[in-house]
Amino acid sequence: MEEEEEEEEEDRHLDSVVVAISSTSGSVLAILISLKMASVVQKLITPLFSGPPEPPRNKVTVVGVGQVGMACAVSILLRELADELALVDVIEDKLKGEMMDLLHGSIFLKTPKIVADKDYSVTANSRIVVVTAGVRQQEGESRLNLVQRNVNIFKHIIPQIVRYSPDCIIIVVSNPVDILTYVTWKLSGFPKHRVIGSGTNLDSARFRFLMAEKLGIHASSFNGWILGEHGDTSVPVWSGTNVAGVNLQMLNPNIGTNSDEENWKETHKRVVDSAYEVIKLKGYTNWAIGLSVADLTESLIRNMNRIHPVSTMVKGMYGITEEVYLSLPCALNNGGVASVVNITLTHDEVSQLQASASTLWNIQKDLQNI
């Protein structure tokens, strides 16, 4: 008997709940129905702002997803420099694969957005654009012909970069880097301080490593510069080599010359031959240049005014009269090349720098359609 009374009481209670819900003009019922129909995201997240998303502040684009391009991309990601990374290439399958591979490692990175497309609209609002695209030199091909083929590629790439990121800084990595940096400057219409070549930043790193190895110290503790062309005519500044302020030329006046009994000059030859040796062993170079480019990117994005040997317009410096890009010590900040250090060079070093400029100009002057 008591159980029947309890059941009747529960029924009366349920009836009263239904009446109460009905009396609220269906508002509660509507809420219950909407909750039932809402997605997991709608149930989990309550948005407080519905406007357009903020544009990226430190977006970096890498053009070309070959070995060098991806080494640059990964090095930049691991330094936590970008809030968005964009990748561009003409080979769609590889491009998508590289993007997916990076996205699968998202929890190990601090870059929240990684995008990729062959359409350059994906690069919009980039702060830094790293250009690694280009063709390799074929067997028996002249350097001029190689440059001209890359010029034709850059004529497609550079206008697209400018269209979508008119305020960016361009870092050119493709070889021959000094000439292609000049080409980029011409094609872009940018002021010279916003077009930079990776230049001898890597050559100098190789020099410091090899010299330090011979001295038995860490590479960062040896100070020395390679200037001029990123290539065979690069200029080692022996007059400025030092460890803890101790000038090596003071210890050995013949250092770096043919008269040097210790044959330190061989170290610079090893620097020049480094890329050829690595390519012979593994087929390409990528990690060191990737780390070098990330180093330059850090100085630019973080407004560091740190000095790097990078390729810049040198007309009017050291007696150079032609419009060529060569590496000199440059202070890099968020505007690009802020200044060039007037490094003291010997007469012989100035002559070598001028010869390096002439080598490049003799190729540049015959380029067409830039």
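## Second largest pocket

In this predicted model, the second largest pocket has a volume of about 650 Å³. Its lining is made up of 27 residues, with Asn201, Leu202, Ser204, Ala205 and Arg206 lying nearest the centre. Helices H8, H10 and H11 and strand S12 (306-313) each give two or more residues to this lining. H8 gives the most, with eight residues. Sorted by class, the lining has eleven nonpolar, nine polar and seven charged residues.

## Largest pocket

About 1,500 Å³ of space lies in the largest pocket. Of its 50 lining residues, Val135, Arg136, Val173, Ser174 and Asn175 are the closest to the centre. The elements that give two or more residues here are helix H4 (67-78), helix H6 (143-164), H8 and H10. H10 gives the most, with six residues. The lining has 22 nonpolar, 19 polar and nine charged residues.

## Helix H10

H10 covers residues 265-282, and its 18 residues reach 26 Å from first to last C-alpha, close to the 26 Å expected at 1.5 Å a residue. A kink of about 50° is centred on aspartate 273.

Thr267, His268, Val271, Val272 and Ser274 are buried in H10. Their cover includes helix H8 (201-215), strand S8 (226-227) and strand S9 (235-236). After H10 comes glycine 283, with a positive phi near 100°.

## Helix H11

The end C-alpha atoms of H11 (residues 287-301) are 21 Å apart, which agrees with the 21 Å that 15 residues should span at 1.5 Å a residue.

H11 is mostly covered, with twelve of its 15 residues buried; among them are Ile289, Gly290, Asp295, Glu298 and Ile301. Asparagine 303, which follows H11, has a positive phi near 55°.

Note on methods: Residues numbered from 1 in each chain as written. Predicted model: local features only at pLDDT ≥ 70, side-chain atom pairs only at ≥ 80, totals over all residues. Heavy atoms only, no water. Helix = DSSP H or I, 4+ residues; strand = E, 2+ residues; numbered from the N terminus. Expected span 1.5 Å × (residues − 1). Buried < 20%, exposed > 50% of the residue type's maximum accessible area, 1.4 Å probe, protein only. Bend = angle between axes of the 7 residues up to and from the residue. Contact = heavy atoms within 4.5 Å. 1 Å grid on protein atoms, 1.4 Å probe; cavity = no way out; pocket = protein on both sides within 12 Å on 5 of 7 lines; lining within 4 Å. Points joined across faces, edges and corners; volume = space filled by probe spheres on them. Nonpolar A, V, L, I, M, F, W, Y, C, P; charged D, E, K, R; others polar.
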